[in-house]
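Here are some notes to read beside the structure.

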Amino acid sequence: MGRTFLNRIVTGDETWVAHVNAETKQQSMTRGHTGSPTRLRKARQTLSERKLMVTVFWDAQGILLIEFMTRGTTINSEVYCRTLKKLKRAIQNKRNGLLSSGVVLLHDNVRPHTVVRIGEVLRKFKWDVFQHPNYSPDLAPSDFHLFTAMKKWLGGQHFSDDEELKNAVTHWLKSQAAAFYAEGIG
């Protein structure tokens with residue numbers, strides 16, 4: 001695909017981030033008994049019940065929108081419409097000319113993202129939607145690139161409250177080099 005087309009792609013998804021994060025397998029490997037120094041085993045972890053859902057939209061240049069869900073709310077068409085309107089404002093503010101060149105939105109095609117109301121908003125914005133099969137993680141850059149790297153970074157970390165978690169996640173997302181995001185879109 002041409003660089004011009006790739007530069008028009010805006011992608012995003014939601015994921016959970018927890019106050020207490022299990023270490024990755026690599027991080028949590030410990031030595032077995034002393035008679036077998038090469039034997040490794042995974043340490044037992046307990047996962048946090050305290051977690052937040054974060055929605056992240058990004059393109060080949062970097063982060064466009066980070067939004068944390070309020071506890072007790074769910075993503076429905078009304079919430080997703082508001083998020084898309086915030087995304088449009090973020091694109092206007094951060095990516096001069098992208099709206100006029102034509103946004104290609106690559107997002108989950110799960111129910112709250114595909115209802116008629118969302119289609120109407122996207123048509124009003126004149127955004128193209130990148131069509132792909134349901135549950136195709138190889139075409140979901142947030143899942144296979146961004147969130148994988150972020151979860152690896154989160155591994156083993158503990159956060160005392162929501163604000164500390166939000167600040168850490170936001171800082172990590174914004175601190176990644178543009179090349180990291182370009183690689184994910186590519």
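1. Start with a term. A residue counts as buried under 20% relative accessible area, as exposed over 50%, and as partly exposed in between. R71, at 46% relative accessibility, is therefore partly exposed. Keep in mind that this is a predicted model.

2. R71 has a partner. It forms a salt bridge with D162, with 2.5 Å between the closest N and O atoms. The two sit 91 residues apart: D162 in helix 8, R71 in the loop between strand 5 and helix 3. D162 is also partly exposed, at 23% relative accessible area.

3. The structure holds six salt bridges. Another one joins the side chains of R8 and D128, at 3.2 Å from N to O. It too links distant parts of the chain, since R8 lies in the loop between helix 1 and strand 1 and D128 in strand 7, 120 residues apart. D128 is partly exposed, at 43%.

4. The pair E78 and R82 stays within helix 3. Their closest N and O atoms are 3.1 Å apart. The residues are four apart, so about one helical turn separates them.

5. Look next at helix 9 (residues 178-185). F180, Y181, G184 and I185 are buried. The buried residues pack against several elements, including helix 1, strand 4 and helix 8.

6. There are two cavities of 30 Å³ or more.

Notes. Residues numbered from 1 in each chain as written. Predicted model: local features only at pLDDT ≥ 70, side-chain atom pairs only at ≥ 80, totals over all residues. Heavy atoms only, no water. 1 Å grid on protein atoms, 1.4 Å probe; cavity = no way out; pocket = protein on both sides within 12 Å on 5 of 7 lines; lining within 4 Å. Points joined across faces, edges and corners; volume = space filled by probe spheres on them. Buried < 20%, exposed > 50% of the residue type's maximum accessible area, 1.4 Å probe, protein only. Contact = heavy atoms within 4.5 Å. Salt bridge = Lys/Arg side-chain N within 4 Å of Asp/Glu carboxyl O.
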